[in-house]
Each structure stands twice: as structure tokens, then as C-alpha cells.
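This report goes through one structure, part by part. Please have the sequence and the coordinates open while reading.

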Protein chains: 2
Amino acid sequence: MSHPTLLQNLRTLFNPKTVAVIGASEKPDKLGFHVMKSLTSGGFKGILVPVNPAARSVMALPAFSSLEDFPGAIDLAIVVLPAKLVPGVFQECSRKGVKGIVLISAGFREIDDSEGALLQKTLADLANEAEIPVIGPNTFGMVNLHIGLNASFTPEFSLLSKGGIALVSQSGGISHLMGFMAIRQNAGVSKIVGLGNRLNVDFPEMVPYLMQDPDTRVLALYLEGLDDPRRLMSVVKQTRFVKPVVAYKTGSSRTGNQASLSHTGSLAGRQEIYEGALKQSGVLYVDGAETLLDAARALSLCPAPQGKSVAILSGQAGPAMAASDVCEAEGMEIAGFHPETQRTINSLLPPLAMRTNPVDMGPAWYNTSAIEGIIAAVMEDPHVDAILLLMMFASANRTAVTGFSELLLKWKQRKPVVACLIAPPGIWDQEVARLEAGGALINVPTPERAAKSLALLWEYEKMKQGRME
Amino acid sequence: MSHPTLLQNLRTLFNPKTVAVIGASEKPDKLGFHVMKSLTSGGFKGILVPVNPAARSVMALPAFSSLEDFPGAIDLAIVVLPAKLVPGVFQECSRKGVKGIVLISAGFREIDDSEGALLQKTLADLANEAEIPVIGPNTFGMVNLHIGLNASFTPEFSLLSKGGIALVSQSGGISHLMGFMAIRQNAGVSKIVGLGNRLNVDFPEMVPYLMQDPDTRVLALYLEGLDDPRRLMSVVKQTRFVKPVVAYKTGSSRTGNQASLSHTGSLAGRQEIYEGALKQSGVLYVDGAETLLDAARALSLCPAPQGKSVAILSGQAGPAMAASDVCEAEGMEIAGFHPETQRTINSLLPPLAMRTNPVDMGPAWYNTSAIEGIIAAVMEDPHVDAILLLMMFASANRTAVTGFSELLLKWKQRKPVVACLIAPPGIWDQEVARLEAGGALINVPTPERAAKSLALLWEYEKMKQGRME
């Protein structure tokens, strides 16, 4: 299908007014049950149309025996029927003028015999002729948090907060892992899309769509293997630096490579070739699911550092040392403060503290205005490009975080502020969430990961500046 | 002091019957308040003696104006007075026959001028003459979870579960970070000890004590810089492989090294020299706080793998690929199953699944007896040395974990089982805690970290076997 039609139809697929579930069910051992639960509990405001010839209603919604029985238009059809029934469903979708399909059913290209591949080819021909983009087959589905659309078989994805990260993934398992991490870390998500076996929507289709999607600020990609890596690189290059793209690819191991073939129908291929090609295309390359989320969060919520000089302001010395090590190993520099900044810090901390960068603000635990004064001085320091703000809770510094909140909320990261403010559950959570929501900082689970996140921000910025030079 | 006396007195220091708090307070801006809160809320069954000449009672406990006023013996004195008052307190402790001191006060060797160092020397002479081991100065204190003793200024440490990990740390910040991680991950801890500026108790004193401590199974060390690294290596070598020792050291960066000097009074020194010396002494060397906890947890709760062949059993393919990559990169091998195991798996999974190692058990989500059958076959496979068990929650596999619980609980890790069973908060938590408590497995937050934990178990075992060859 033509590029404009595809983009237009993907827009409708992700923002439908009417959604049909073909194979909707009330039996908990059917995926059609879980999909209905996701759709009804996610806060979606559009019309839901369960399709099941054997039911009069599903989850209190009137059911239809076929798509054609529903009197209105259908934007998105979610299909959860056995593989062999799917070609008929696709023909029905085509006749009905459906704009997009999420095909959850498995049993196509990934199966051992040629029948699966043949069936997938038939479906691709049908979908392409009808100009219907298809997410899947063999996918958990997708979610669009910004309209409360949970078109997946996992109702718990509706626990996610909406935000700027779009995750496009070749693995349902990694999507779930990262979704649950995002829930725990309160990372805001725009969309999670499980590509599955990619009938006609693959990374090269998703990337241009998400580059235009107003809800998405950063693209996070999880890859295993691609049929045509060059097509992705070419597409990514066309839109590079429009929005940041971060990628994590598995399949570097001998077994992982073989597993990829049977999992998604593609060989994983040589890892270093992918890495090189992605980096050349302006993609930030990372090596784990945690780092993928950390990087995407930093890129979606922090401004770009304008240089590599970091100020480390810490409530304790040890975490500052751990962060220093990672900063230097990852190509950042520990800033030398402007003399005026240094004078201010010296006036606010006793001589027994670490007062040069990194700064140990420990002796000022009880003196929130001193901590605020240090942070304020460092913010305005022309020698500082970014701030790492580290504070481990101890009963005695309970009020330290609220003491500098207003300053940070007012300053709104004129330079990036990556924080690691860590307490037992329930103590600082609300205040940290308020700071994140207000654009004051991002909070990362360890000092090492905070430093690494900042280094990745800088790595991306360097790639971007390199392009422009 | 002589080695036997030191060990005996350290035993009393960590297992006191009577604890005095010199500087106990009811004012929340005093550390003496937080220490009293820790002691009274941690479940300690012994006698607490607040000492404060200006108070008649502290937190409803009768206060004494001096140590000598208390009629009974004092095993442990916790000191939270200003530095200049501490020499007098030490003399009093000596007269009273106190067996151990936790000196929380700061202002000694770490301060810029020579007065601090001099004062510290005076205290060391007093303590050594009286044969009193001293934790600190400039420390948050210590906790001994097995007797509910929270001798720190952080009452929240009492939220920790008791278990086999002893953390000895040169940084209070890293101790707090790791303590809070341990709370979130339900990692069992025996003791957390903040060494501070090490008057006469340093790593070389703590290691032999913990090697004899019946509650400690693994020693986790966080180091910055040592005055005499050779002394530690020599001590560690003497007891090597009695219990596993894992170490994380910061200060590799230029700034980190300088920071170490002002933080703990010692230069961090050349990182690679430490790394080499520690490894030669039989210590497992890791590069971050998360990995330190992951490794300590694995070593405290899993048996040693007898070889490097791993079975990866996963609810989804992507996490299995991520784990495969890490396994191979870290020196493990993906096992080739025994033909009988392979036959069993083939009989339990449809052809469309990944049935060779790694195994994608996805198609058996609804069939808990099939999953159980696969796990059982792999457990008994002589080609398999360890199991990685990965399952990301999806609504449809909710019962998968309970389906294999009893089998794993009965088997009790005859080979190590490192799991990554991940769900949104509140779904699998209880069942996973039951499995961990029953010795069935350990649960790790990501597939990559699970694979890395297993690789570290094997790395330690190889060191141990190398010694014995």
C-alpha cells in the first residue's frame, strides 16, 4: 500500500472510534476473554463490538455473529481465532472497510512446516490488497495509553502511566517485562506494540508513524532479527534526530540466534553489524532491557546536556563515588566548579565535608536551606552541563527532598537533572512522583544507573551534534 | 588486642544483652533520637540504657546521667556525642568494662586538619588498651537482624528480612541503598555494618568474625580505599572458600579516588590492583551495587552449579534470548538436552514452539501439568547443571507459577534454580516469596540479571574448584 495510506490507516488503527473483537469470549481459558477484559477495563471511550456467533452478549456488551451484522463502521478489528479461520476473517474485514487489524492468533510463519508460511503469505496478500495494516500475527497486541486503549491480552497494561515512550518490540515477553518495570518505576508510556511475526507492519512501518505521533517523544525498539535490516536503517536515517530512537537487540549468542529463527521467523544475524548500522543511523544502542527503559525515560523527560561536565550533588559520599566512576568510564567529566560556585558551597558546608565536585551534602542534612543553596549555585554554574542529584534516605534526612522540591520545580531542568532519591517503599514516592510530573528531574533506581542514563543522554546528543557539524 | 579477645568481643558487640546509648535524645534533630527509635522499634529483646545527663527518661525508658550510674553490666555502647567529648566517654566505657562500641559521631580522621587525626589516634589507643572493638567513627551504625538489633540511626533498616547476607561497607550511603534494595527484593540479611573511619575494626577484623558467625552465609563487601590492602588480602586468603566473599569497589575514576581520601581518609588506589588481588584471594569481584546484591543473594540461597550447562525454561521467547546472550557472554553454556528429556519436551509442546534449549513454554500456558512435566524432565537431566526459569506474567498465565510450585519446593534446588518471575505489584509476590522461603529458587528482577547471577555462581565455583585441583 502507498506510504500516505499506510500512515493514515496506522493512525486510525492506534486511535480507533470503534473496535471489534473477533473471537470475543467469556471463558477465562480463551485469549478472547482476556482481550475483552483489557478493552473494558482500560478506560477506552469508543465503541466495543464483541463478535462471536455463539454468544448473545460478552461482558454485558451485545455480541454480533459477524462483523457484517454490526450496523456501523469498524476502525480496528482484533482477531483471536485459530489460524485456519483467519483468511476468512480478513476477507470480511476487507468487505467491511476495516482500517486496521491486530492479529493475536499464532500458527503462521513461526511454525516448522511450510503451511504456516503459506498461510501468512495469503494473509499478507489479502491485507495489502485491502490496504489494511496488521499488527501481528502471534502478538499480545498493543496499547495506546493516551486514549486508554488496551488492545492486548494483558489487562494489567492499563496500570501504566501515560507518557512519551513508545516501545516497539519483537517479543511479547520483553514487552511485558518492560511494561511491568515501567509500572514500578512510574515511567510514562505512549504505546507498547508487539510486532509478532510482522505480516505487513514491521519496524520500518512503525518508525515513520511514531515520528509523526504527537504523543510519542522517544522510540524504544527491542529487536531480535530482521528480514531486511537495510530497510530499517534507511527508514531510520530519513527521520533521524526528529525524535530519539533507542534500541536493544538480542540474539548475539549462538543459541539466541537459532532461537530467533523459530521465534520470529528471522535469523538474528551478526550482532556487531546491527550495532554498527543502527549507530550509523543515529540510533542509541543499549545492551539490556533495564538500560533500554532508563535511556528512553531520560530521553523523554530530560533536555539534552550541552556538554559533558557533570555536577554530582550527593547526600552521601559512597553513591557519589559510584556515580563518578560510571561518569568517567562512560565519557562524561566531573565538572570543575566556577570559583563563585565553590565559594558558595564552602560557605554552606563545614570543612570536614567533600566540598569540591562531587559534593557530599551529608553535613547539611538538617539544614535544608544549605542544600537548596548548593543546588541553586550549581544550577547557575556555567561550567556545569548536567546535574546528578543523589540522596539515600536516612531517618535524619527525611525532609531533605521536600526542602529542594520547589527550587527544582521552578527551574524545570534548564539543564538535565538525573536523580537517585531512594527510600524504603512509601516514604519519598509521592514527592518524587510530584517532582517527575513537574519536570523537575527523573529518578533512577541506583547511582550507577543514574550516571549511565546521563551518559546515554550525552552520547545521543553527541551523535546529533556530529550530524549537524 | 589479641585475635581471640577481638573475636570474642566482636561476638558480644553484635549480640549484646545490654545496650547503652550515650547521647540518647527525644529531639528529632539529634541523631541520638533516631538511634533510640531504631533500637526501640527493631524488636530487640535485651535491655536498653539511654544515657543523657539532662533527661530523666528517653522514649519512656529511664535515662542515666552516666554509664557508671547504671547498676548492671553494659555489653555495647552506642556513642552519638560531639567528637571532643568522645575520649572521656571511651575512658568511661573502659572503666565500665564495655565489650564493644558503635561510634556514630563524625569529626575525626576525615576532617581536613590534623586535629581530627590526632583525636582518632587518641581514641584508638584508648580502645586498643581496653580491648574494645569500635565500629566507626563516622558511621550510621550496624544492624544484626537475627536478634532484632538495629544499632543505627535509620529505624527503617528494621524492615529488612533476616537471612544469610552480611554487608560490610565503607559507605553509609551504599549501605542504605543496598538495604532498601534488599527490602524491595526481599533479600535476607544477617548484618549490615558501616565501617566508617575504622578506628580498630576494619575489613580484616570483620572478615574472620563473619566467617565464624553462624547467621552469615555470604560476605558482601563494599570498598573504597584501604590503608593496608595486603592485610585484607592475607586475612581473606586464610579463610577463603569457608564462605563466599563478594566485593564491589569504587574509586576507579580520578575524582572518585580523590573523593575517597576526604571521605574515609584513605586513597582508593589503583582499581586493577585491587581487582587482581581480591580475585587471587578467592573473592568474587563485581562492578555495581545491584550486582553485589544479586551475587550475594544467589550465593546465599543457591547450591553451587557442578558445571556450566544451563537449561533456560521460559514462558516467552524474548526473555529466553536475552538470558541466552548473557549466559554465553559470561562463560556459561546452553545445555544440549539428554535425548530422553528432549522426547518428553517434544511430547508436551506443539511443534510450533521452541522445544530445544532454550525452551519456550508459551504454548503450554494453560496446561500447568505440561509445564510441570518439562521442568521435571530438565531437573533430572544429567546434561543440565543449573536452571533459569523465566516467566513474564500475562493475564492468561496467571496460574502458571502456582502450577509448578510444589514440584520446585519438593526438589529444593538440587541444582540451582535462578528465576525471573515478573508480574505487576501484588500478583505473584506472595507465591514467589513462598518459593524463595522454601528454598525452591531465587527470583531476580530481569532475565539478564538472572543469567548474570547464575554466571557469577559458576565463576565462584570455578575459583573454588581451581583451588582444590
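Which residue takes a positive phi just after α2(B)? That residue is B:G43, with a phi of about 90°.

## Model and confidence

The structure is a predicted model. Its scores are ipTM 0.95 and pTM 0.95. Chain A has a mean pLDDT of 93, and 95% of its residues reach 70 or more. Where pLDDT is low, the predicted coordinates should not be read in detail.

## Helix α2 of chain B

The buried residues of α2(B) are B:G32, B:F33, B:H34, B:V35, B:M36, B:S38 and B:L39. Strands take part in covering them: β1 (18–22), β2 (47–51), β3 (57–58), β4 (61–62), β5 (76–79) and β9 (149–152) of chain B are included in the cover.

## The interface between the chains

Contact between the two chains involves 76 residues of chain B and 76 residues of chain A. About 5300 Å² is buried between chain B and chain A, and 63% of this area lies on carbon and sulfur atoms. The size of an interface is often given in this way, as the accessible area lost when the parts come together.

Between chain B and chain A, 14 residue pairs are in polar contact, both residues being at pLDDT 80 or more. On the chain B side, at least two residues each come from α2 (31–41), α5 (172–185), β13 (245–249), α8 (254–264), α10 (289–301), α11 (317–329) and α16 (447–468). The side of chain B that touches chain A divides by class into 37 nonpolar, 22 polar and 17 charged residues.

## Salt bridges across the interface

Four salt bridges are counted between chain B and chain A. One of these pairs is A:E156 with B:R398, at 3.0 Å from N to O. The pair crosses between chains: A:E156 sits in the loop between β9 (149–152) and β10 (161–169) of chain A, and B:R398 in the loop between β18 (386–392) and α14 (400–411) of chain B. A:E156 is buried because its relative accessible area is 10%, whereas B:R398, at 38%, is partly exposed.

Another pair is A:R398 with B:E156, where the closest N and O atoms are 3.0 Å apart. This pair also runs between chains, from the loop between β18 (386–392) and α14 (400–411) of chain A to the loop between β9 and β10 (161–169) of chain B. A:R398 has a relative accessibility of 38% and so counts as partly exposed. B:E156, at 9%, counts as buried.

A network of salt bridges links A:E290, A:D294, A:R449, B:E290, B:D294 and B:R449. Side chains of opposite charge can pair when their charged atoms come close.

A:E290, a member of the network, lies in helix α10 (residues 289–301) of chain A. Is A:E290 buried or exposed? With a relative accessibility of 15%, it counts as buried, because the cut-off is 20%. Leaving out residues up to four places away in sequence, A:E290 touches A:M181 and A:R449 in chain A, and B:E290, B:T446 and B:R449 in chain B.

A:S453 belongs to helix α16 (residues 447–468) of chain A. Its relative accessibility is 1%, so A:S453 counts as buried. The side chain of A:S453 reaches the backbone oxygen of A:R449 at 2.8 Å. Apart from residues up to four places away in sequence, A:S453 touches A:D294, A:A298, A:V418 and A:V444.

## A salt bridge within chain A

Over all chains, the count comes to 32 salt bridges. Among them is the pair of A:R95 and A:E68, at 2.9 Å from N to O. The two residues are 27 residues apart and link distant parts of the chain: A:R95 is in helix α3 (residues 86–96), and A:E68 is in the loop between β4 (61–62) and β5 (76–79), both of chain A. A:R95 is exposed, at a relative accessible area of 56%, while A:E68 is partly exposed, at 41%.

## B:S234

B:S234 is placed in helix α7 (residues 229–238) of chain B. Its relative accessible area is 37%, so B:S234 is partly exposed.

Note on methods: Residues are numbered from 1 along each chain as its sequence is written. Chains are lettered from A and ligands numbered from 1 in the order in which they are written. Side-chain values use heavy atoms; hydrogens and water are left out. Contact means heavy atoms within 4.5 Å. Buried area is the accessible area (1.4 Å probe) that two parts lose on being put together, summed over both. A salt bridge is a side-chain nitrogen of Lys or Arg within 4 Å of a carboxyl oxygen of Asp or Glu. A polar contact is a pair of N or O atoms within 3.5 Å; within protein, one must be able to donate a hydrogen and the other to accept it, and residues adjacent in sequence count only if both atoms are side-chain atoms. Helices (H or I, at least four residues) and strands (E, at least two) are DSSP runs, numbered from the N terminus. Ala, Val, Leu, Ile, Met, Phe, Trp, Tyr, Cys and Pro count as nonpolar, Asp, Glu, Lys and Arg as charged, and the others, Gly among them, as polar. Buried means under 20% relative accessible area, exposed over 50%, partly exposed in between (1.4 Å probe, protein chains only). pLDDT is the predictor's confidence in each residue, from 0 to 100.
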